[in-house]
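Please keep the sequence and the structure in view while reading.

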Amino acid sequence: MALSHIVMQLVLCKAAAQLKARGDLPVRVSVVDKVNHHLVDETVHVAASGAADDTLEFDIPWGIYLAQASLHAGRTTCARSQFFSVLPGHNRELKVQLQDGLAGTPVPVIVNGDLPSEFAYVQPTVLIFGKGAKCDAPIGTPLDVDIDQQNDDQAYYASVYPNAALMQNMPATPVLRLTDSSGGYHYLKMPSNFLEFGRRRPSQDQLDVKDGLIDFIAGKPEDTLLCMPGYETTTEMH
């Protein structure tokens with residue numbers, strides 16, 4: 001099975017950042033697959049001078065994983081548990097922001113897709129709108145939802161986390177915003193099952209940006225909810 005190269009960047013919590021000037025800070029990092037097998041289990045040293053590396057690099061196959069990072073900063077434990085996805089044949093960067101104190105592991109819905117380099121300008125962005133959004137109507141204002149979005153020149157990745165604003169507006173409307181060549185926005189309605197949250201692990205929903213999708217939005221009105229029949233999507237449960 002082909003492997004993807006992952007570059008994980010660690011961002012310290014406030015308590016650790018205040019202690020950083022005193023010397024190296026060891027951060028314990030693990031990456032766990034769906035059967036709780038540790039593919040990565042290492043300690044990264046973050047130095048006050050910045051000379052040491054605050055990144056961790058590793059190779060893993062496609063799928064969904066749980067990254068766990070923790071350190072002791074004085075009397076405070078800083079940690080983060082974060083699900084992330086890997087697409088077949090795609091390398092990616094991943095930022096893990098440690099938080100002061102211990103926190104639970106939120107389970108997001110993960111939406112991602114291939115983005116050929118010639119379409120990098122469309123900058124796919126996942127947004128969530130209320131249940132009143134209608135096809136071929138003005139799009140309105142998105143909900144205030146916690147979405148961790150990352151794009152590179154070959155793929156996009158979005159983790160949608162459940163919060164009060166989203167839960168109060170279910171069934172909500174997931175939308176992929178695409179930028180056209182003039183800098184305007186097109187909004188493509190995604191399947192409603194892209195917002196089915198799991199209790200223990202996320203699903204991985206994939207909508208690739210292909211020629212057919214770009215041809216569909218060409219010439220369509222901007223700032224309007226577009227509903228494209230028959231486009232190809234994939235949902236994987238992990």
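The protein has three helices and 17 strands, where helices (H or I, at least four residues) and strands (E, at least two) are DSSP runs numbered from the N terminus. This is a predicted model, in which local features need pLDDT of at least 70 and side-chain atom pairs count only at pLDDT 80 or more, while totals for chains, interfaces and linings use all residues. Residues are numbered from 1 along each chain as its sequence is written, and side-chain values use heavy atoms, with hydrogens and water left out.

Of the 238 residues, 45% count as buried, a term that means under 20% relative accessible area, with exposed meaning over 50% and partly exposed in between (1.4 Å probe, protein chains only). Among contacts (heavy atoms within 4.5 Å) between residues at least 6 apart in sequence, 66% join residues at least 24 apart.

**An open sheet**

Three strands form an open sheet in the order β4-β1-β7, with mixed pairing; two strands pair if DSSP finds at least two bridges between them. Because β4 (55-60) and β7 (92-97) each have a single partner strand, they stand at the edges, and one side of each is left without a neighbour in the sheet. Strand β1 (residues 4-11) pairs with β4 in the antiparallel sense over six bridges, and within these two strands valine 7 of β1 stands opposite glutamate 57 of β4.

**A disulfide**

A disulfide is counted here when two cysteine sulfur atoms lie within 2.5 Å, and by this rule the protein has one. It joins cysteine 135 and cysteine 227, whose sulfur atoms are 1.8 Å apart. The two cysteines are 92 residues apart, cysteine 135 in the loop between β10 (125-129) and β11 (146-151), and cysteine 227 in the loop between β16 (225-226) and β17 (234-237). The link is left-handed, with -90° about the S-S bond.

| Cysteine | Relative accessible area | Class |
|---|---|---|
| Cysteine 135 | 41% | partly exposed |
| Cysteine 227 | 29% | partly exposed |

**Aromatic rings**

The whole structure holds three aromatic pairs, meaning rings of Phe, Tyr and Trp (its six-membered ring) with centres within 6.5 Å, where planes under 30 degrees apart count as stacked, over 60 as edge-to-face and the rest as tilted. The rings of phenylalanine 129 and tyrosine 187 have centres 6.0 Å apart and planes at 90°, so this pair is edge-to-face. Phenylalanine 129 lies in β10 and tyrosine 187 in β14 (residues 185-189), so the pair ties together parts 58 residues apart in sequence. Both residues are buried, and together with Tyr185 they form one aromatic cluster.
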